[in-house]
Amino acid sequence: MTAKVGNIRTLRVVLPGDEVLQFNPDKDKDRIFIGPGLRWKENIVRATRPGLLKKTTKNLYYVDTHQKRYIPQKREFVIGIVMKKKGDNYVIDIGASDQATISYLAFENASKKTRKEMKLGDLLYGQLFVANKDMEPELVCIDVYDRAVGMGTLPEGGVMFSVPLHVARQIVNPNNPFLKTMSKMIKYTIVVGFNGRVWIKAERQREMVAIMNCIAMLEVMPSEEAEKKVVKLLENF
């Protein structure tokens, strides 16, 4: 089983524990990247969840699955909802079985004197710093250089909605042709989390509704077909 859509090739169906490939960084010259659903141990890459094994042209391997509940993966970007404050941390709902936490110091320019203040219901775009079955997920809103690089609380005036996880993975790339087609007709800002949450903001409410309807098409048809229909849908709006 092999099929190619754009720069992504579908290799085969895998189950948890299946060997995907062998990779020894000391011997293999070609560099590979391991994405969600895979784990490298003792020079063997194995699947950690069932789904379609996919590979991009840049040697990124990952398992695409139409799962409904998000399973936190380290280094993935997610959109969360502030649920409450707990000591020096905030409790964040990321749509997983366990809620995540984030320290008030995990923001750009944050200190004990200038701590980040958030209120119940605020939307947060951050990265998973800790994600394993033995510990609760932990978020940060800074990179290794203590820069926000787009992370933090999302501004008011936008709208958040949920999509299936496989749809979120399709549009997480800002250079996605589908998103580019929409941007030619509507000016908008979009933030996509690997946890299936999408935040959009446009000048008019009806434009945000239009974008939501466009993205919903990806749930029932291939991206190439949706890209062709998106122009007609936006023209009607």
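Reader: At what angle do helix α3 and helix α4 pack?

Author: Helix α3 covers residues 205-216 and helix α4 residues 223-236 (helices, H or I of at least four residues, and strands, E of at least two, are DSSP runs numbered from the N terminus). This is a predicted model, in which local features need pLDDT of at least 70 and side-chain atom pairs count only at pLDDT 80 or more, while totals for chains, interfaces and linings use all residues. Residues are numbered from 1 along each chain as its sequence is written, and side-chain values use heavy atoms, with hydrogens and water left out. The axes of α3 and α4 (lines fitted to C-alpha atoms over the stretch in contact, with angles from 0 to 180 degrees between N-to-C directions) lie 10 Å apart, and the angle is about 155 degrees.

Reader: How does α3 run relative to α4, roughly parallel or roughly antiparallel?

Author: Angles under 35 degrees count as roughly parallel, over 145 as roughly antiparallel, 65 to 115 as roughly perpendicular and the rest as oblique. With an angle of about 155 degrees, α3 is therefore roughly antiparallel to α4.

Reader: Which residues of α3 and α4 make the contact?

Author: Contact means heavy atoms within 4.5 Å. From α4 come V230, L233 and L234, and from α3 come A210, N213 and C214.

Reader: Which residues does L15 contact, leaving aside its neighbours within four places in sequence?

Author: L15 sits in the loop between β2 (8-14) and β3 (19-22). Although 35 residues separate L15 from P50 in sequence, their C-alpha atoms are 4.3 Å apart. Beyond those neighbours, the contacts of L15 are A47, R49 and P50.
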